[in-house]
Amino acid sequence: MLKGIGASGGYGIGKAVVIKDCSLDYKSVKYTTPENEKARLRKAVDVFVSETKELIAGLTESAGESEAQILEGHLVMLQDPFMLSQMEENIDSGSVAEAGVDAVCTMFIDMFSGVDDELTRQRASDVKDIRDSLLELLLGVKRVDISAVPKDSILVAKDLTPSMTSRINARNVAAIITEVGGVTSHSAILARAMGIPAVLSLIGATDIISDGDELVVDGFKGRVVQNASSEELEQYRLKYAQFLQEKESLNEYFAKPTVTKSGVTKRVYANIGRPEDVQNVLQCSGEGVGLFRTEFLFMDRDRCPTEDEQFEAYSTVARVMGDREVIIRTLDIGGDKAVDYLNIGKEENPFLGHRAIRYCLDNTELFKTQLKAILRAAQFGNIKIMLPLVTTVDEIKRARTLIDECSNELKNECKRYKRVSVGVMIETPSAALISDLLAKEADFFSIGTNDLTGYIMAVDRGNANVSDLYDAFQPSVLRAIEMTIKNAKSAGIPVGMCGEAAADSRLIPKLVEWGLDEFSVSPSSILQTRKSICSCD
Ligand code: PEP
Ligand code: MG
């Protein structure tokens, strides 16, 4: 039995697909002769061309016309005589084939990404794909195509990046196992959004588990059984069936309002990380979006999304949700959410560093681009802005000044927009302790227990060795929550919770008693949370 952190509840039974880190580092490749290097290059190009043609044929049949067009574009680019002759020139001057490919492609990537036009910039990512595919072929490494794994696959990886996760076909993936991350890491958040059981922080998983191993994954307890005996398999099948039955029984809460026994109405919202998750919110009976983590729009790419790209993402969510509230959190990078191109730099203590609202207030161009996109999208629904990691009153005042500036600039640019409410996340001890003062400046609060617990308990939220201390039920964390709710009530502003604790059945009766208005949870926890609230006095 292997043990990690249970980060997305459920059971998965299936075969391991191990995703090894396939480094494309070619430093150790030795130069032979120019002829030989050119022959290696030509062979790699030939294989790339024939594999791509096969892919195109398959996509055209399955009506994936737009993907087929992108791949056709790859072929045209690579068959451009200039590109190949440049690579060969590099080889003639002493580079191995890999270095020739890298140098020429990087030159094109830099050239395309510096251009103001969106279509040209898209070509930079096409060239990146070409470069990586050619390097894979030259180095003889083969990366797993996550989107094409067979049914009942269990993905085993060091970590899952948002772009890897976006390629997952949830119908075929029975569970996810990674070597890093905790309950609140991005892979856990995305796994829960897709309803896939996950065990994270399973140290050495990609070495201990081999491709094709039969695995049983318990996403509640964080356990993985390798090559289980037939009795063990039977036990888990039984638990799985029970789990499905319990899940089924929650359906009676689907169309029910969230009302306590004494008749107080509450709201159960959903947390999302990508615009496409919004469909799932309605399918799971969410009454609103209590937290849209916008940082995922900024991750796994090499430049910030433009105002128009962000506008598209936010307005899509607003339109789907209609009159229902959509709380968009401004960029919360730093800590465990790295975005290389933002050049935050290496920090001794990234969780206490230049992150979230602090970074945004110091990089006003980036912040204002996001604020403008949100204000423009607000015309299509019921959007609110939420500021992360606030620790001082001054931060919200400065953010409000920038929001006003954005409104004025949009007016001058003749772009339509709507004014929105501005709330703050209470996720630092400082914010909880001055919640009476923040309540005078904020339109609403949302308690972020994921960070709040970590900062109050002085515990790294992704460290398995101290995970016992990472508990929102600790008296110190409970006091901070109670104090925040009280201060919001005294100021007459609504207060919600969007940390994982909002779905914790031990905590829900206390939250109801203290008067929490809104509970924002993973879409898969909505019905269970509603059930717990409805059974409170
Ligand atoms: C939190 O800290 O509770 C929260 C909801 O934000 P995140 O998990 O994205 O840090
Ligand atoms: Mg947080």
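**Cavities and a buried ligand**

Guide: Let's start with the second largest cavity, where α7 gives the most to the lining, with 3 residues. Keep in mind that this is a predicted model.

Visitor: What volume does the second largest cavity have?

Guide: About 50 Å³. The search of the whole structure kept cavities of 30 Å³ or more, and it found 3.

Visitor: And how much space lies in the largest cavity?

Guide: About 80 Å³. Its lining has 14 residues, and those nearest the centre are R293, R329, M425, E427 and N450. β10 and α18 are the elements that give two or more residues to this lining, with α18 supplying the largest share, 3 residues.

Visitor: What makes a space like that a cavity rather than a pocket?

Guide: A 1.4 Å probe fits in a cavity but cannot get out, whereas a pocket is open.

Visitor: Where does ligand 1 sit?

Guide: Ligand 1 sits in the largest cavity. The cut-off for saying so is that more than half of a molecule's atoms lie within 2 Å of the cavity's grid points, so ligand 1 passes that test.

Visitor: Which residues are closest to ligand 1?

Guide: R293, R329, K337, G448 and N450 are the closest of the 14 residues that surround ligand 1. In that shell, β10 (289-293) and α18 (449-457) each supply at least two residues, and the largest share, 3 residues, comes from α18.

Visitor: Why is the R293 approach called a polar contact?

Guide: The cut-off is 3.5 Å between N or O atoms. A polar side-chain atom of R293 lies 2.8 Å from an oxygen atom of ligand 1, so the pair counts. E427 also qualifies, because one of its polar side-chain atoms is 2.9 Å from a ligand 1 oxygen atom.

Visitor: How much of ligand 1 does the protein bury?

Guide: 100% of the 290 Å² that ligand 1 exposes when taken alone.

Visitor: What classes of residue make up the shell around ligand 1?

Guide: There are 3 nonpolar, 4 polar and 7 charged residues. Arg counts as charged, so R293 and R329, both among the closest to ligand 1, belong to the charged group.

Conventions
Residues are numbered from 1 along each chain as its sequence is written. Chains are lettered from A and ligands numbered from 1 in the order in which they are written. This is a predicted model: local features need pLDDT of at least 70, side-chain atom pairs count only at pLDDT 80 or more; totals for chains, interfaces and linings use all residues. Side-chain values use heavy atoms; hydrogens and water are left out. A residue is near a molecule or strand if one of its heavy atoms lies within 4 Å of it. A polar contact is a pair of N or O atoms within 3.5 Å; within protein, one must be able to donate a hydrogen and the other to accept it, and residues adjacent in sequence count only if both atoms are side-chain atoms. Accessible areas come from the Shrake-Rupley method with a 1.4 Å probe; for residues, only the protein chains shown count as cover. On a 1 Å grid over the protein atoms alone, a cavity is a set of points where a 1.4 Å probe fits but cannot get out, and a pocket is an open set with protein on both sides within 12 Å along at least five of seven lines; lining residues have an atom within 4 Å of a point. Helices (H or I, at least four residues) and strands (E, at least two) are DSSP runs, numbered from the N terminus. Grid points are joined across faces, edges and corners, and a volume is the space filled by probe spheres set on the points.
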